[in-house]
Amino acid sequence: DNDIKSVYMKTLNAINSLPQSAKSEQKFLKTVGIYKIAGNNANVPCTLEMVKYGVGDDDFLKSLKTLQRNKLIYVRQSTNEIEIVEPSDFDLEKEIEIWISKKSPQVSPLSYLDQLGFQDYILPHKYNHEFKITRFLTPVYLDVTNADTTIHKGKLTSKYNGCDGVICYLVPDNYSEKAELERFIQGCDDERVIFALPNKPIKIKDSVIRLLALKDIARELKKVQPQQSTKTLINLYTEDIYQDIQNKLKQITVVSKNVNYFWKNQLLQGIENKHELSLNVSKIMKRVYKYYPVINNELINKDNPTTISKRARNSVIDLILKNADNIRNHLKTAQESFMFDTLFIATDIFDENTCNFKFDCKEFEKVFLEIISFFNEAQDDFKNFNILINRLSAPPYGIRKGVMPVILAACIVKYDKYITIRNSSDLDCYVDAKLLDE
């Protein structure tokens with residue numbers, strides 16, 4: 001077995017690096033090796049407590065300190081398990097200390113969590129099923145030092161304009177910070193924000209800084225081709241600190257009685273599991289996007305649909321913009337028929353018999369009124385289409401960019417004699433689906 005052989009060789013090399021007189025340390029390493037080999041099959045972790053039981057109280061502490069000082073063992077922060085490491089001239093702990101003293105981040109370490117791969121999204125499953133769309137809450141990890149970068153004067157900053165909503169995981173370092181974050185919650189009135197606040201402080205910042213240091217050190221070492229033992233050591237440290245951060249984040253990202261959730265200054269009652277949180281978020285999404293029309297087309301009902309889906313949608317829109325009769329007879333592919341049926345017929349915004357849009361369609365009534373209002377605002381002066389797109393993608397509509405050309409086409413057909421669209425060079429544009437998509 002390769003795993004057993006690896007443990008055996010590590011243990012043997014570590015023992016051989018010690019002087020013959022270091023009997024207690026040798027016994028310690030042999031005990032760890034035995035636990036690693038025998039304990040794997042029995043699923044028994046080689047923790048500090050297990051090794052202490054194996055070697056006895058008298059020898060344990062002295063041997064532990066000696067072996068740590070000689071960098072022959074590593075104790076995982078996340079689990080307290082002991083790992084034997086190959087002897088190396090590279091002093092990783094010292095390098096981490098140097099990095100922290102010189103390059104420690106000036107902003108909150110929590111601001112780097114998403115870049116490091118920690119992303120605990122919340123999905124409103126019931127809402128998504130009912131409204132045939134995928135919405136989610138984007139995770140943001142905040143403490144007292146970086147909270148204002150996400151929410152300023154009670155509102156989400158412009159960085160989050162494209163988000164359906166945000167779940168703010170508030171991470172206090174002590175009870176004083178917890179009280180300050182509670183006041184911060186009371187100052188937010190943005191309906192897209194849900195807060196999660198733990199009952200107890202979570203000490204996580206030092207671990208994040210340590211992970212940032214390890215990532216940077218690993219990048220720098222790649223330039224000089226380090227020894228395999230050094231690579232293995234860095235990977236061990238990185239894996240452990242990553243797990244340590246994950247364990248600490250679970251104190252707030254995993255739904256439990258120890259976490260309170262807030263929306264619009266109100267405590268959300270009765271949330272004790274993930275299902276109840278998802279149900280609450282579904283209710284909130286329904287209130288936030290109260291004018292969102294149901295569009296049962298997962299291929300196009302997103303911000304970045306595929307090229308094939310856009311091509312099929314655009315073909316249908318071009319036929320409508322050209323006032324083609326009997327549009328269904330002009331559809332060339334199954335994809336085009338699917339787009340026509342799901343975007344125009346099933347939504348009830350288009351009358352196939354008269355080839356006219358139905359502006360009294362209840363589902364799209366508020367959306368159409370918003371577009372028409374924008375056109376009316378542009379009677380005396382040109383207005384940027386981005387203004388309209390931002391309005392329609394934000395609450396209370398929440399329209400995806402893949403659907404925008406469909407509803408824009410409807411209003412352009414209605415006002416085709418009065419509308420002129422110009423590009424950034426002030427030249428009149430030919431209105432087609434490609435232009436609306438852009």
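A residue is called buried when its relative accessible area is under 20%, exposed when it is over 50% and partly exposed in between, with a 1.4 Å probe and protein chains only. Met9, at 36% relative accessibility, therefore counts as partly exposed. The model is a predicted one, in which local features need pLDDT of at least 70 and side-chain atom pairs count only at pLDDT 80 or more, while totals for chains, interfaces and linings use all residues. Residues are numbered from 1 along each chain as its sequence is written, and side-chain values use heavy atoms, with hydrogens and water left out.

**Surface patch**

Met9 is placed in helix H1 (residues 2-16), where helices (H or I, at least four residues) and strands (E, at least two) are DSSP runs numbered from the N terminus. Together with Tyr8 and Leu12, Met9 makes a nonpolar surface patch of about 270 Å². Such patches are built from residues with over 30% relative accessible area and no salt bridge, with like charges joined within 9 Å and nonpolar side chains (Val, Leu, Ile, Met, Phe, Trp, Tyr) within 5 Å.

**Salt bridges**

With a salt bridge taken as a side-chain nitrogen of Lys or Arg within 4 Å of a carboxyl oxygen of Asp or Glu, the count comes to 30 salt bridges. Three of the pairs are set out below.

| Pair | N to O distance |
|---|---|
| Lys71 and Asp91 | 3.7 Å |
| Arg76 and Glu83 | 3.0 Å |
| Asp216 and Arg219 | 3.3 Å |

Lys71 forms its salt bridge with Asp91. Because Lys71 lies in the loop between helix H4 (57-69) and strand E1 (73-75), and Asp91 in the loop between strand E2 (82-84) and helix H5 (92-103), the pair ties together parts that are 20 residues apart in sequence. Lys71 is partly exposed at 34% relative accessibility, and Asp91 is partly exposed with a relative accessible area of 27%.

In the pair of Arg76 and Glu83, Arg76 is buried at a relative accessible area of 11%, and Glu83 counts as buried at 16%. Asp216 and Arg219 are three residues apart in helix H8 (residues 205-222), so they are separated by about one helical turn. Asp216 is buried at 13% relative accessibility, whereas Arg219 is partly exposed at 49%. Salt bridges that share partners also join Lys36, Arg76, Glu83 and Glu239 into one network.

Ile234 has its place in helix H9 (residues 228-253) and is buried, with a relative accessible area of 5%. The C-alpha atoms of Ile234 and Leu92 are separated by 7.6 Å, although these residues are 142 residues apart along the chain.

**Pockets**

On a 1 Å grid over the protein atoms alone, a pocket is an open set of points with protein on both sides within 12 Å along at least five of seven lines, and its lining residues have an atom within 4 Å of a point. The largest pocket holds about 960 Å³ of space. Its lining comprises 34 residues, of which Lys383, Asn384, Phe385, Asn386 and Ile421 lie nearest the centre. Among the helices that each supply at least two lining residues are H11 (307-321), H14 (365-377) and H15 (385-393). By class, this lining has 17 nonpolar, eight polar and nine charged residues.

The second largest pocket has a volume of about 350 Å³. It is lined by 18 residues, the closest to its centre being Ser111, Asp114, Val140, Lys159 and Tyr160.

Note on methods. Areas by Shrake-Rupley, 256 points an atom, 1.4 Å probe, with all protein chains shown as cover. 1 Å grid on protein atoms, 1.4 Å probe; cavity = no way out; pocket = protein on both sides within 12 Å on 5 of 7 lines; lining within 4 Å. Points joined across faces, edges and corners; volume = space filled by probe spheres on them. Nonpolar A, V, L, I, M, F, W, Y, C, P; charged D, E, K, R; others polar.
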